[in-house]
Structures are given as C-alpha cells and as structure tokens.
Amino acid sequence: MNIRMQTRYDEMCLVIKVAVTMPTVVRLKIYDEEKPKTIFTDRYKTVDGQYTFYVRLPLTSQSVVIAVYDDKKGNLPKEKETNIKILSIDKKPLEKRMDVVDITNPNVANFVDFAQRFCFNSNYLETNQSYQSDKGNLVIEYLPTIKTSEGKELTTPARISKTTGRIQVSKKSFDTYTVPMKFAILCHEFSHFYVNDDMNNESEADLNGLLIYLGLGYPRIEGYQAFLEVFKDSPSNGNKKRYDRIDKFIKNFEKNKMVMQ
C-alpha cells in the first residue's frame with residue numbers, strides 16, 4: 001500500500017508503526033513522489049505482531065510516497081491488503097551531531113551541499129558529463145560505468161583521482177542505490193583526498209566519511225548497505241577487516257548516543 005506525505009524538503013525522522021496478522025517480511029520504501037527513482041530508503045524486516053521503523057531523513061523532497069508491503073506478494077492497493085496494517089506515521093525531529101562534522105571547513109560545507117544535490121538528482125542526470133560544485137573546486141565525472149585505461153569495466157561505484165581530487169561515479173551502480181547509500185560512498189571518496197592524513201588509507205577514508213555521514217543524521221542501515229554492496233564484489237580478508245572496523249565504529253557512535261534508534 002502507498003501513503004502520500006508532504007515533507008516540504010524538511011529533515012525529519014519518520015516513525016512508522018506496522019502490524020501484521022502473520023509473520024511477514026515487510027518491505028518499506030520511501031521515494032520522491034515526482035521523481036520515483038529518487039529513493040530515500042528501501043529496507044525490510046521480518047515482523048511478527050508489531051514493529052516500528054525509524055527512518056532518518058536528512059534529505060527529502062516536496063512530497064514522498066511511503067510504500068509498505070509484503071516483500072513476497074508485492075505492493076498491493078490498500079483495499080486489497082489484508083495482512084499488513086499501518087498503525088501510525090509520525091514526524092519526529094532529526095537528531096544530528098554537527099559537532100563531529102567540521103562544517104565550518106569550506107571544503108566540507110561545499111562538498112555536503114554539492115554531494116547531497118548530486119545524490120538526490122543522479123538517477124535523472126545525463127552521463128558522460130562533469131558536474132561541478134557552486135565554487136567549481138569539486139567535480140564529479142558521471143559515467144555509464146567506470147573503466148580502466150585498458151577499457152575493462154570495474155565494479156566500483158566511485159573512485160577519486162589522487163592527483164586532482166576529481167570523483168568518477170558509475171551510473172550503473174548509483175541507479176541501484178538509495179540516496180543515503182550514494183551519499184555514504186561520496187563521503188568516503190571525498191575523505192580520501194580532502195580529509196585523510198594518509199590519502200591511500202581505505203579504512204581512514206571509511207571512518208572519516210562516516211563521521212560526516214552519521215553526523216548529518218543519515219541512517220546507519222544505509223551506511224552498512226553501501227559498504228556491503230561494494231565489498232560483495234570484491235571479498236577479501238582486507239575488506240572483511242574494513243567492514244569489522246566500520247561495524248565497530250557505527251556501534252560506538254550509537255553507544256555514545258550520537259545516533260538515535
């Protein structure tokens with residue numbers, strides 16, 4: 001079933017309580033009503049009885065569609081849905097930790113504005129084009145896919161030049177990601193060149209990027225998903241260690257009450 005909600009580009013946390021008559025894998029998807037390929041969350045949970053979804057939305061559109069449905073049966077019209085019931089949908093203030101984000105740094109502030117706008121619009125942008133931040137110092141080359149100099153297609157969703165700071169983004173990958181997942185990837189790439197002490201250190205870029213991502217109030221679940229999507233195509237002991245560090249970092253962020261439920 002679909003519920004339309006006015007969000008007016010405001011940041012918020014949506015608290016969505018659902019109930020089921022039998023154990024069900026409940027899918028929750030929230031997307032822009034006018035641009036349905038712009039997806040703010042796409043998650044699922046096995047529900048037995050009642051469950052409350054907390055969806056952190058640092059970025060929204062004028063109005064969104066909240067789709068709640070049985071993952072196996074698909075999205076049915078409200079009048080035909082006999083199993084799942086939406087008990088309530090409430091807007092709550094979004095908790096952020098701006099003290100861990102150096103937003104006074106012009107590069108960081110410029111990046112956040114530029115990257116969020118790019119992630120919001122990327123499904124509708126043309127490829128083989130370069131997009132610049134307002135100040136012109138940050139550039140994203142938007143490509144159908146990312147290839148080596150020999151023409152071999154890479155599975156990576158994005159990469160950054162260690163000499164120019166230009167970021168290449170794969171539309172093929174980004175088209176399958178939610179807006180928060182895209183932003184998490186760009187935070188990682190930005191950190192390599194502009195934040196890291198060691199430009200080549202992947203784990204340092206992971207954690208520096210997550211500080212920006214989590215500090216701005218983005219949801220942890222999409223943070224996990226973004227890295228899992230990257231690591232699934234290149235499984236290794238090194239990536240396993242990176243993921244374990246990421247997991248520990250996010251959990252410590254929560255324990256310090258930096259991130260709400």
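Arg159 stands opposite Gln168 in strand 11, where strands are DSSP runs of E with at least two residues and helices are runs of H or I with at least four, numbered from the N terminus. The model is a predicted one, in which local features need pLDDT of at least 70 and side-chain atom pairs count only at pLDDT 80 or more, while totals for chains, interfaces and linings use all residues. Residues are numbered from 1 along each chain as its sequence is written, and side-chain values use heavy atoms, with hydrogens and water left out.

Strand 10 (residues 158–160) pairs with strand 11 in the antiparallel sense over three bridges, pairing requiring at least two DSSP bridges between two strands. The two form a hairpin with six residues between them, and in its turn Gly165 has a positive phi of about 80 degrees. Strand 9 (residues 139–143) runs parallel to strand 11 and is joined to it by four bridges; Tyr142 has Val169 in strand 11 as its bridge partner.

In a regular strand, side chains alternate between the two faces of the sheet. Strand 11 (residues 167–170) is covered on both faces, with Ile167 and Val169 on one side and Gln168 and Ser170 on the other all buried, that is, under 20% relative accessible area with a 1.4 Å probe and protein chains only.

Turning to the helices, helix 4 (residues 202–215) packs against helix 5 (residues 220–232) at an angle of about 150 degrees, with axes 11 Å apart. Helix 4 is therefore roughly antiparallel to helix 5, a term for angles over 145 degrees. Asp206, Leu210, Tyr213 and Leu214 in helix 4 meet Arg220, Glu222, Gly223 and Phe227 in helix 5, contact meaning heavy atoms within 4.5 Å.

Note on methods. Axes are lines fitted to C-alpha atoms, for helices over the stretch in contact, and angles run from 0 to 180 degrees between N-to-C directions. Angles under 35 degrees count as roughly parallel, over 145 as roughly antiparallel, 65 to 115 as roughly perpendicular and the rest as oblique. Buried means under 20% relative accessible area, exposed over 50%, partly exposed in between (1.4 Å probe, protein chains only).
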